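These notes accompany the entry shown below.

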Amino acid sequence: MSILIPEAPIVSLCGSPEETEALGTQLAAKLQGGSVIALHGDLGAGKTVIARGIARGLGIQSAVTSPTFTVVQEYLGNVWTLYHIDLYRLSSEDDAIAFGIEDFLADRSAITILEWAERLPTLLPAETVHITLERVRETERRITQQQGRPASSKPSEQQ
Ligand SMILES: Nc1ncnc2c1ncn2[C@@H]1O[C@H](COP(=O)(O)OP(=O)(O)O)[C@@H](O)[C@H]1O
Ligand SMILES: [Mg+2]
């Protein structure tokens with residue numbers, strides 16, 4: 001997979017769920033088969049909202065909710081299959097492997113979105129697009145996109 005977004009992080013402030021969803025829809029246009037999107041952020045940060053936007057951009061109109069209990073939800077888009085995966089209930093990478101995570105990540109005909117992506121510290125492809133969502137206030141989110149590694153709010157954590 002080639003470089004989809006510049007190396008430097010892209011930071012957006014989204015003042016409503018609709019803006020966050022629209023950001024996801026814009027991102028979808030840059031994706032290709034095999035793309036992996038890792039979503040980081042606390043409960044309520046907006047991971048599912050941006051996942052819904054990506055799904056819309058891939059031509060998926062059905063309801064998109066966190067697949068917390070099923071772990072994975074599969075959708076058929078215009079061109080690609082979408083796997084929307086919520087790792088919240090998997091406690092370790094070994095659990096994720098037992099679940100079959102590597103097969104989803106390796107599927108070149110699909111785009112994979114992961115909520116609670118930090119549950120997979122070593123298995124994510126190097127080209128993974130990391131999106132970090134931070135709550136600024138009730139309806140505002142700071143959203144940082146960076147390919148290859150998660151954004152860190154502390155500069156000392158960046159390599
Ligand atoms: N700017 C915003 N972007 C995204 N969500 C927002 C925003 N402002 C308020 N919200 C609300 O925050 C919640 C985010 O929920 P959700 O996407 O399910 O979070 P997560 O999947 O990270 O746990 C929703 O209720 C949404 O309406
Ligand atoms: Mg969610």
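Which residues touch the most other members of the largest nonpolar core?

1. Basis. This is a predicted model, in which local features need pLDDT of at least 70 and side-chain atom pairs count only at pLDDT 80 or more, whereas totals for chains, interfaces and linings use all residues. Residues are numbered from 1 along each chain as its sequence is written, and chains are lettered from A and ligands numbered from 1 in the order in which they are written. Helices (H or I, at least four residues) and strands (E, at least two) are DSSP runs, numbered from the N terminus.

2. Core. Within the largest nonpolar core, of 38 residues, Ile37, Leu39, Ile54, Leu82, Ile113 and Leu114 touch the most other members. Such a core is a set of buried Ala, Val, Leu, Ile, Met, Phe, Trp, Tyr and Cys residues joined through C-beta atoms within 7 Å. A residue is buried if 20 or more other C-beta atoms lie within 10 Å of its own, exposed if 12 or fewer, and partly exposed in between, with C-beta atoms placed from the backbone. Two or more residues each are given to this core by α1, β2 (36–40), α2, β4 (81–86), α4 (101–106), β5 and β6. The largest share, 5 residues, comes from α2.

3. Two residues and their contacts. Contact here requires C-beta atoms, placed from the backbone, within 7 Å. Leaving aside residues up to four places away in sequence, isoleucine 113 touches Ile37, Leu39, Ala51, Ile54, Leu82, His84 and Ile85. Alanine 55 is in helix α2 and counts as buried because it has 25 C-beta neighbours inside 10 Å. With the sequence neighbours up to four places away not counted, alanine 55 touches Ile60, Val64, Tyr75 and Leu82.

4. Sheet. An open sheet with mixed pairing is formed by 7 strands in the order β1-β7-β6-β2-β5-β4-β3; two strands pair if DSSP finds at least two bridges between them. β1 (10–14) and β3 stand at the edges with a single partner strand each, so one side of each is left without a neighbour in the sheet. From one strand to the next, the twist averages 20 degrees. β6 and β7 run antiparallel and are joined by 8 bridges; valine 129 has glutamine 147 in β7 as its bridge partner.

5. Helices on the sheet. α1 lies across β1 and β7 and runs at about 150 degrees to β1. α2 lies across β2, β3, β4, β5 and β6, at about 170 degrees to β5. Axes are lines fitted to C-alpha atoms, for helices over the stretch in contact, and angles run from 0 to 180 degrees between N-to-C directions.

6. Ligand shell. There are 19 residues around ligand 1, of which Thr20, Gly46, Lys47, Thr48 and Val49 come nearest; a residue is near if its C-beta atom, placed from the backbone, lies within 6 Å. α1 (17–28), α2 (47–57) and β7 (140–147) each give two or more residues to this shell.

7. Backbone points to inspect. Valine 71 is in the loop between α2 and β3 (72–76) and is partly exposed, with 18 C-beta neighbours inside 10 Å. Tryptophan 116 is in the loop between β5 (110–115) and β6 (129–137) and is buried, with 20 other C-beta atoms within 10 Å.

Notes
Contact = placed C-beta atoms within 7 Å.
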